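Let's take a walk through this structure, starting where the chains meet and then stopping at a few single residues. Keep the viewer open as you read.

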Amino acid sequence: MFQKNRIGPALLAGGVILALLGVFRGEAEAVFEKAASLCLQCIGIG
Amino acid sequence: MRRRLVQAVSTFIANANLPGFIEGRLYQGRLKSVCVPFLNCYSCPGALGACPVGSFQSLAAGFSRSVSLYVFGFLTAVGAAGGRFVCGWLCPFGFLQELLHRLSPRRLALPRFLELLKYPVLVLTVLLPFFWRDAVGLAEPYYCKYICPAGTLEAGLPLVGQRAELAALIGPLFWFKVSILAVLTTAAVFVWRPFCRTLCPLGAFYSLFNRVSLWQLRVDRSRCTSCGACARRCPAGLDPYRDPNPAACVRCLECTQVCPTEALTFGTGAKTPAFTPFTKEA
């Protein structure tokens, strides 16, 4: 009744690699710029 | 009880910029470059991190139409690790809905087809910022703008209540979003986590991983007596002993607490359960 789970670890590793690639591309800085500013759309007046 | 504590601590840590609530100002330190794994508006005065849905949409909405590998990879890693575990244990808006649900002894079931709504919401959340653009070529974070009740609760109401220049800008859109929040919070009193189950794009995304995530619910068939205690306890109305890892499960793990034979466990390892329906052996 049991099967070996290879998909979960592969997706986990793939996700970590993608996230690190994004950080190296400067996306964390881009996220910071968005998140540190007031988002008028988010509060419903933009 | 332990889960409630974890949810409360998670809610507090995610929104620990307490002076922000008093001053009506956002936290602007470097932690804001770090995504939290759940829906938590980054325009909330208390928010220390970035909402992944808002971040993904905002970056996609720019001129460059960026697909954020950082956000997508992060969410994929979190989902691959535990599926919707984040929903059940860490999400502040899920926590709020559960607290509201404790107010009423009258519990209503959610029609199953409504749970499918969150998948078109996910698709539109991801795709619209890339394709729905104005004459200048810019898009907007449409989910945040038109639906997100967490943003209305955590950012809209506190900021509009404190800053007169924002209150002066209130229009029909604001009241539309407040209405969505009011409907969902009222529904949460009678239905268990209605927002998470019908409209949350993040919950929809994580649900895609429930069957393949590293951490899984397991049923030890040799111990299970098919008593049905887990199904009676499941707040989402699922049958963990028949199918322990469906997309609808937010992994609150309450089923593991009531199993009299400890046949249900949540964990990782080299092996995970096969997804065959339970059949009682003769």
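Start at the place where the two chains touch: 52 residues of chain B are in contact with 37 residues of chain A. Contact here says that the C-beta atoms of two residues, placed from the backbone, lie within 7 Å. Before going on, know that this is a predicted model, in which local features need pLDDT of at least 70 and side-chain atom pairs count only at pLDDT 80 or more, while totals for chains, interfaces and linings use all residues. To find your way, count residues from 1 along each chain as its sequence is written, with chains lettered from A and ligands numbered from 1 in the order in which they are written.

Now turn to the partner. Chain A has three helices and one strand, in the order β-α-α-α along the sequence. Its C-alpha atoms fill a box of roughly 55 × 30 × 10 Å along the principal axes. Of the 46 residues in chain A, 43% are buried. A residue is buried if 20 or more other C-beta atoms lie within 10 Å of its own, exposed if 12 or fewer, and partly exposed in between, again with C-beta atoms placed from the backbone.

Zoom in on one crossing between the chains. The axes of helix 2 (residues 27-35) of chain A and helix 3 of chain B come within 10 Å and cross at roughly 100 degrees, which means the two helices are roughly perpendicular. In this contact, A:Ala30, A:Val31, A:Lys34 and A:Ala35 meet B:Ser55, B:Ser58 and B:Leu59.

B:Arg65 lies in the loop between helix 3 and helix 4, and its phi is near 50 degrees, a positive value in a residue other than glycine. B:Arg65 is partly exposed because 14 other C-beta atoms lie within 10 Å. Another positive phi, near 55 degrees, belongs to B:Glu262, in the loop between helix 15 (254-258) and strand 2 (264-267). Is B:Glu262 buried or exposed? It counts as exposed, because it has 11 C-beta neighbours inside 10 Å. B:Leu96, in helix 6 (residues 92-101), is buried because it has 21 such neighbours inside 10 Å.

Finally, a word on confidence. The model scores ipTM 0.93 and pTM 0.93. Chain B has a mean pLDDT of 93, and 95% of its residues reach 70 or more; pLDDT is the predictor's confidence in each residue, from 0 to 100. Over residues 274-282 of chain B, though, the pLDDT is below 50. Where pLDDT is low, the predicted coordinates should not be read in detail.

Note on methods. Helix = DSSP H or I, 4+ residues; strand = E, 2+ residues; numbered from the N terminus. Axes fitted to C-alpha atoms, helices over the stretch in contact; angles between N-to-C directions. Parallel < 35°, antiparallel > 145°, perpendicular 65-115°, else oblique.
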